[in-house]
Amino acid sequence: MPAFKFAHPMEVRYGDLDPQGHLNNAKYLTYLEQARVHYFSALGLFSKDQSFMDIGVIIADIHIQYRAPLLWGASVKVSVRTAKIGRKSLTLEQSVLNDATDQLYATGTVILVAYDYHTHQTILVPRTWRERITDFEGL
């Protein structure tokens, strides 16, 4: 498996826990999303002053494999990489790891479709996105 070139630090908050004291399954989606937004920002594809309507992607499919329980107070990093760029879609791979030990808590695969929220239609992956991601990932 190729190494991730991007990771975003996260802290497991008390409010993110389920009654068993583990990170709630639904919160993994939030953690993966937060890392994706920072990934796109780091690549210059999205900035904090833009509207979320201008990100230009919509989730088509997401899968998470839970590997180990994640407990309150753990410092984690959520890694992101683009594994494939299609005509209208991006396939991203993500992982949630302990920041100090690299223990793997979860992995995820996300398929994003390039989308124009103003016209409500799928679009081709913009050339800028394709070039920046390809350059960064070495695809």
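Okay, let's begin with one term: buried means a relative accessible area under 20%, exposed means over 50%, and partly exposed is in between, with a 1.4 Å probe and protein chains only. With that in hand, take Asp-16: its relative accessibility is 1%, so Asp-16 counts as buried.

A word on what we're looking at. This is a predicted model, where local features need pLDDT of at least 70 and side-chain atom pairs count only at pLDDT 80 or more, while totals for chains, interfaces and linings use all residues. Residues are numbered from 1 along each chain as its sequence is written, and side-chain values use heavy atoms, with hydrogens and water left out.

Back to Asp-16, then. Which residues does Asp-16 meet in salt bridges? One is Arg-13, with the closest N and O atoms 2.9 Å apart. The other is Lys-27, at 3.9 Å, N to O. By salt bridge I mean a side-chain nitrogen of Lys or Arg within 4 Å of a carboxyl oxygen of Asp or Glu. Asp-16 sits in the loop between strand E1 (6-11) and helix H1 (25-42), and Lys-27 is in helix H1, so this pair ties together parts that are 11 residues apart in sequence. When I say helix or strand, those are DSSP runs numbered from the N terminus: helices are H or I with at least four residues, strands are E with at least two. Lys-27 itself is partly exposed, because its relative accessible area is 27%. Put together, Arg-13, Asp-16 and Lys-27 are linked in a network of salt bridges.

How many salt bridges are there by this rule? The count comes to 4. Another of them joins the side chains of Arg-81 and Glu-93, at 2.8 Å, N to O. That pair links distant parts of the chain, with Arg-81 in strand E3 and Glu-93 in strand E4 (residues 89-98), 12 residues apart. Is Arg-81 buried or exposed? Arg-81 has a relative accessible area of 3%, so Arg-81 is buried. Glu-93 is partly exposed, at 26%.

Arg-81 does something else too: Arg-81 lies over the face of Phe-4, 3.7 Å from the ring centre. The rule there is that NZ of Lys or CZ of Arg is within 6 Å of the ring centre and within 35 degrees of the ring normal.

On to the rings. Rings of Phe, Tyr and Trp (its six-membered ring) pair if their centres lie within 6.5 Å; planes under 30 degrees apart are stacked, over 60 edge-to-face, and the rest tilted. That gives 7 aromatic pairs. In one of them, Phe-6 and Tyr-39 have ring centres 5.6 Å apart and planes at 70°, so the pair is edge-to-face. Phe-6 is in strand E1 and Tyr-39 in helix H1, so the two tie together parts 33 residues apart in sequence. Both Phe-6 and Tyr-39 are buried. Tyr-39 also pairs with Phe-40, this time tilted, at 5.7 Å centre to centre and 55° between the planes. Phe-6, Tyr-39, Phe-40, Trp-129 and Phe-136 form one aromatic cluster.

Last stop, strand E3 (residues 75-85), where we find Val-76. Val-76 has 1% relative accessibility, so Val-76 counts as buried. Leaving aside neighbours within four places in sequence, Val-76 is in contact (heavy atoms within 4.5 Å) with residues including His-8, Tyr-31, Val-96 and Tyr-105.
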